Amino acid sequence: MKEREIFSHLRVFPPFAVRIDGRGFSRALRLLGLEKPYDEGFAHAMADSIGLFFKESGLNPLFAFTFSDEISLFFNEMSYNNRVEKIDSIIPGFISSALTIQLKLEKPVSFDSRVILLGKEDIYTYLLWRQAETWRNHVSSYGFYTLLESGLNENEAALSLKNMKAAEIHELVFKYGINLAETPAWQRCGIMVYREPYEKTGYDPIKRMEVTTKRTKIIQDWNLPIFKTEEGKKIIAKLVS
Ligand SMILES: Nc1nc2c(ncn2[C@@H]2O[C@H](COP(=O)(O)OP(=O)(O)OP(=O)(O)O)[C@@H](O)[C@H]2O)c(=O)[nH]1
Ligand SMILES: [Mg+2]
């Protein structure tokens with residue numbers, strides 16, 4: 001029957017990205033009573049799950065970008081002979097499990113997963129796209145919950161939102177005391193997780209001398225710039241290299 005495993009030879013060559021997205025999270029998260037539209041605890045659980053992935057999965061992403069219930073992970077190398085079936089199952093499996101631990105969930109959750117073929121030079125363009133989506137999601141989520149607050153039901157709010165221009169949504173939420181240009185950066189620009197090398201100096205009792213060793217620590221950047229800016233470009237160039 002082995003020959004029936006017809007997708008097992010499907011391979012991908014680095015660099016590539018893997019994007020996973022929480023399946024039915026609107027419903028799954030409703031039971032948790034999270035803050036709307038943004039819950040900092042949930043964002044921490046997502047970022048910490050990525051941190052666990054860096055530490056415990058045995059895979060080695062270049063870096064990861066997350067907003068809402070989605071995560072993009074970027075790879076320059078991959079185990080498992082670069083097999084797509086392995087990549088698209090292990091990564092969402094690991095993150096589902098990590099998030100379940102982080103949020104102490106009582107019901108199982110899952111993520112869908114896709115592989116995006118990218119040349120090294122495409123990573124920046126891909127990130128511009130996902131960050132633009134982060135911003136759109138930010139404007140429409142605030143718009144949606146403001147419309148609910150104003151007395152509309154969910155269907156009415158969704159319908160009104162469809163017919164509103166971004167500037168109108170800005171004005172509407174401003175009337176309710178929220179300036180969309182001044183919300184926390186992580187809500188507008190997303191969160192980045194990456195490894196940073198550092199040198200640790202300590203005393204080696206066998207060599208009887210001070211020694212310096214190279215280590216890495218996992219950084220979460222909750223204060224990202226807009227990637228379109230020079231500052232943003234520089235940050236990504238550093239991560240990609
Ligand atoms: N309350 C709250 N909900 C959030 C937060 N982040 C994400 N979500 C929910 O997660 C959803 C993510 O959007 P989608 O991925 O389009 O919706 P989904 O229900 O997961 O549907 P599929 O991904 O298509 O399966 C949002 O609509 C919110 O309902 C948060 O910080 N607070
Ligand atoms: Mg989702």
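For sorting residues by class, Ala, Val, Leu, Ile, Met, Phe, Trp, Tyr, Cys and Pro count as nonpolar, while Asp, Glu, Lys and Arg count as charged and the others, Gly among them, as polar. With that in hand, the shell around ligand 1 sorts into six nonpolar, four polar and five charged residues. The model described here is a predicted one.

The ligand is a handy place to start. Altogether, 15 residues surround ligand 1, and the closest of them are Phe-25, Ser-26, Leu-34, Asp-39 and Ser-68. Two elements, β1 and α1 (25-30), each give two or more residues to this shell. The largest share belongs to α1, with three residues.

Ser-68 sits in the loop between β2 and β3, and its phi is positive, at about 50°, although the residue is not a glycine. Two peptide bonds also stand out. Pro-14 and Pro-15 are joined by a cis bond with omega at about 0°, and Pro-15 belongs to the segment before β1. The other cis bond runs from Lys-36 to Pro-37, with omega near -5°; here Pro-37 falls in the loop between α1 and α2.

Stepping back to the whole chain, the protein is built from eight helices and six strands. Read from the N terminus on, they come in the order β-α-α-β-β-α-β-α-α-α-α-β-β-α. The C-alpha trace covers about 70 × 55 × 40 Å along its principal axes.

The strands make up an open sheet of six, ordered β4-β1-β3-β2-β5-β6, and the pairing is antiparallel. At the edges lie β4 (111-117) and β6 (209-221), each of which pairs on one side only. From one strand to the next, the twist averages 20°. Looking at one pair in detail, β1 (residues 16-22) and β3 (residues 70-75) run antiparallel and are joined by six bridges. Within this pair, Ile-20 has Ile-71 in β3 as its bridge partner.

Helices pack on this sheet, too. Helix α2 (residues 40-56) touches β2 (63-67), β3, β5 (191-204) and β6, and its direction makes about 50° with that of β5. Helix α3 (residues 84-102), for its part, lies across β1, β3 and β4. The run of α3 is at about 135° to β4.

There is helix-to-helix packing to look at as well. The axes of α4 (residues 122-149) and α6 (residues 166-175) come within 9 Å of each other and cross at roughly 50°. Angles under 35 degrees count as roughly parallel and those from 65 to 115 as roughly perpendicular, so α4 and α6 are oblique to each other. Their crossing is left-handed. On the α4 side, the contact is made by Val-139, Tyr-142, Gly-143 and Thr-146; these meet Ala-166, Ile-169, Leu-172 and Val-173 in α6. By class, the residues of this contact come out as six nonpolar, two polar and no charged.

Conventions
Residues are numbered from 1 along each chain as its sequence is written. Chains are lettered from A and ligands numbered from 1 in the order in which they are written. This is a predicted model: local features need pLDDT of at least 70, side-chain atom pairs count only at pLDDT 80 or more; totals for chains, interfaces and linings use all residues. Axes are lines fitted to C-alpha atoms, for helices over the stretch in contact, and angles run from 0 to 180 degrees between N-to-C directions. Helices (H or I, at least four residues) and strands (E, at least two) are DSSP runs, numbered from the N terminus. Angles under 35 degrees count as roughly parallel, over 145 as roughly antiparallel, 65 to 115 as roughly perpendicular and the rest as oblique. A crossing is left-handed if the near helix is turned anticlockwise from the far one by less than a right angle, and right-handed if clockwise. Two residues are in contact if their C-beta atoms, placed from the backbone, lie within 7 Å. Two strands pair if DSSP finds at least two bridges between them. A residue is near a molecule or strand if its C-beta atom, placed from the backbone, lies within 6 Å of it.
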